[in-house]
Amino acid sequence: MKKKIRIAPSLLSADFAHLADEVKKCEQGAADLLHCDIMDGHFVPNITIGPLIVSAIKPLTKLQLNCHLMIEKPEKYIEDFVKAGADYISVHVEVQNHLHRTLSLIKSHNIKAGIALNPVTPLSYAFDAAEYCDFILLMSVNPGFGGQKFIKSTLKKCETLSNFLDKNNLENIDIEVDGGIKIDNVSDIVSAGANMLVCGSGIFDGDVVANIIKLRANAESVK
């Protein structure tokens with residue numbers, strides 16, 4: 001089953017001095033989601049934004065907010081991000097002792113729940129948790145910083161996950177890929193099975209509207 005392509009500009013690469021303008025450009029380019037990278041300086045070596053900034057972004061846009069929690073003990077902050085306006089929340093399997101409980105907590109707020117896996121985290125985590133997810137995020141860079149190069153082994157990982165979902169009647173689950181996505185490699189990523197495409201510098205470096213349009217065109221060119 002071919003899934004709808006969804007473009008999610010990563011605000012990590014946006015100009016925060018003009019964030020409202022950057023969000024508006026994403027809307028003008030017909031992006032589907034806004035991706036918010038939440039980093040705590042512990043699970044990943046960087047600190048970014050929290051619920052306060054998410055709540056400031058929410059009234060600026062009609063686009064849904066996809067909050068990727070790259071933090072320790074994410075279960076403690078789910079309700080804060082829900083109140084801030086998150087429509088999607090993903091948590092990393094590497095920091096979860098009670099993953100089912102956390103996914104159930106997210107879903108209890110009637111928003112989309114997902115898991116995220118770092119580049120060398122075994123896919124078995126995704127296989128076991130898939131039935132409780134709305135989407136699965138495969139990191140194609142090591143999380144923590146924008147502008148990194150795409151890790152090519154993600155393609156095989158994505159293809160394996162896509163085949164698993166199809167064979168187990170879970171094809172309604174979105175596959176999200178985050179890291180190093182560019183206009184010139186997005187078709188390979190979609191061919192491997194991804195349909196939620198997080199793109200930071202590939203969108204915000206240059207003409208945001210034009211970059212989103214080109215990214216979508218290449219993504220949707222895949223048969």
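1. Asp-134 sits in the loop between α5 (124–129) and β6 (135–139), where helices (H or I, at least four residues) and strands (E, at least two) are DSSP runs, numbered from the N terminus. Leaving aside neighbours within four places in sequence, Asp-134 is in contact with Lys-107, Ile-111, Lys-112, Ala-113, Asn-172, Ile-173 and Asp-174, contact being defined as heavy atoms within 4.5 Å. Thr-121 is 13 residues from Asp-134 along the chain, and the two C-alpha atoms are separated by 19 Å.

2. On provenance, this is a predicted model, in which local features need pLDDT of at least 70 and side-chain atom pairs count only at pLDDT 80 or more, whereas totals for chains, interfaces and linings use all residues. Residues are numbered from 1 along each chain as its sequence is written, and side-chain values use heavy atoms, with hydrogens and water left out.

3. As to the overall fold, the protein chain has nine helices and eight strands, and its C-alpha atoms fill a box of roughly 40 × 40 × 30 Å along the principal axes. The radius of gyration of the protein chain is 16 Å, which agrees with the value near 17 Å that a compact globule of 223 residues would have; the radius is taken over C-alpha atoms, and the globule rule is 2.2 Å times the number of residues to the power 0.38.

4. Of the contacts in the protein chain with a separation of 6 or more, 64% are between residues 24 or more positions apart. Buried residues make up 55% of the 223 residues, where buried means under 20% relative accessible area, exposed over 50%, and partly exposed in between (1.4 Å probe, protein chains only). The accessible surface comes to about 10,100 Å², of which 50% belongs to carbon and sulfur atoms; these areas come from the Shrake-Rupley method with a 1.4 Å probe, and for residues only the protein chains shown count as cover.

5. Two packed helices are described by the angle between their axes and the distance between the axes. Here the axes of α1 (residues 19–28) and α9 (residues 208–220) come within 8 Å and cross at roughly 35°, the axes being lines fitted to C-alpha atoms, for helices over the stretch in contact, with angles that run from 0 to 180 degrees between N-to-C directions. In this pair Glu-22, Lys-25, Cys-26 and Gln-28 of α1 meet Val-208, Val-209 and Ile-212 of α9.

6. Ile-212, in helix α9, is buried, with a relative accessible area of 0%. Beyond its neighbours within four places in sequence, the contacts of Ile-212 include Lys-25 and Cys-26, together with Ile-7, Pro-9, Gly-29, Ala-31 and Ile-203. The C-alpha atom of Ile-212 is separated by 22 Å from that of Lys-152, 60 residues away along the chain.

7. Asp-205 lies in the loop between α8 (201–204) and α9 and counts as exposed at 55% relative accessibility. Asp-205 and Ser-13 are 192 residues apart in sequence, yet 8.1 Å apart in space, C-alpha to C-alpha.

8. Lys-73, in the loop between β3 (64–70) and α3 (78–84), has a positive phi of about 50° although it is not a glycine. Asn-110, in the loop between α4 (99–107) and β5 (112–117), likewise is not a glycine and has a positive phi of about 60°; Asn-110 is exposed, with a relative accessible area of 74%.
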